[in-house]
Amino acid sequence: MTNEPDVEARRARRQGLAVALATSAYGISFGALAVAAGLDVWQTCVLSLVMFTGGSQFAFIGVMASGGAAAAPVAIASAALLGVRNVAYGMRMSPVIGRGWPKRVAAAHFTIDESTAVSLAQTSPRARTLGFWVTGIAIYIGWNATTLAGALLGDVLGDPRAYGLDAAAAAAFLALLWPRLRSRQAIAVGAAAAVVAACLTPWLMPGVPVLIAAFVAVVVGWFNWFGRREHEEAPV
């Protein structure tokens, strides 16, 4: 007879490693683009080692590429705005990580979009904890390795976006999100946040659309309009 906790643990590991593989591949794109934006190889690698949040890193080099060293304050501000979302992730993941400041300090560096998504996709406390650590650590290793590869091979690769690596991470997220879209409320929250972010991205500095979209998602989720309607329509 199969042990259910063992099955859940294996599933969490598989999902974590699959997401890590897709996300790490995107690190090649970051390494090449960072060097093209004017950073040295060692600066690019330090950015991945220390910052380790893809959205903030791409926002940073995007602003640097358009404005050079003079744009550094704006680049830092953009990266910081995108990084604010990790604070919300940390609050949500606190019960999963557990007590003890050494564990919490270590977990803070691995609290990113992917580790949070994989963890929350699990059903048991043990699987959630395992999914968090496996995903976070695997991505940290893979992301930094591919950042170095992209920085060294940038000239050989050409434009890394031509390979579609940016779609790999998005596809992995969609695979995790799709099974959770089983109710009108979940679909409404996701759709509202996506529409707001897509509409505001061309007009606002990086990071701001994400924060506004998150606020919209919280508002829609808090009032539970569609969830209440589904409850009223459910048969007695």
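Predicted model: local features only at pLDDT ≥ 70, side-chain atom pairs only at ≥ 80, totals over all residues.
On the surface, a patch of positive charge is formed where Arg 10, Arg 13, Arg 14 and Arg 126 gather. Helix α1, which spans residues 4–36, supplies the largest share of this positive patch, namely 3 residues. Arg 14, one of the residues in the patch, has its place in helix α1, and with a relative accessible area of 54% this residue is classed as exposed, because the cut-off for that class is over 50%.

Aromatic rings were examined next. A pair of aromatic rings is described by the distance of the centres and the angle of the planes. Across the whole structure, a search finds 5 aromatic pairs. In one of them, the ring centres of Phe 30 and Trp 143 lie 6.1 Å apart and the ring planes stand at 25°, so the pair is stacked, given that planes under 30 degrees apart count as such.

An edge-to-face arrangement is found for the aromatic pair of Phe 132 and Trp 133, for which the distance is 5.2 Å centre to centre and the angle between the planes is 85°. Phe 132 counts as buried, because its relative accessibility is 0%. Both residues also take part in a cluster, in which ring pairs link Phe 52, Phe 110, Phe 132, Trp 133 and Tyr 140.

Terms used
Residues numbered from 1 in each chain as written. Heavy atoms only, no water. Patch = residues over 30% accessible without salt bridge, like charges linked within 9 Å, V, L, I, M, F, W, Y side chains within 5 Å. Areas by Shrake-Rupley, 256 points an atom, 1.4 Å probe, with all protein chains shown as cover. Salt bridge = Lys/Arg side-chain N within 4 Å of Asp/Glu carboxyl O. Lys, Arg positive; Asp, Glu negative; His and termini not counted. Charge placed at Lys NZ, Arg CZ, Asp CG, Glu CD. Helix = DSSP H or I, 4+ residues; strand = E, 2+ residues; numbered from the N terminus. Buried < 20%, exposed > 50% of the residue type's maximum accessible area, 1.4 Å probe, protein only. Phe/Tyr/Trp six-rings, centres within 6.5 Å; stacked < 30°, edge-to-face > 60°.
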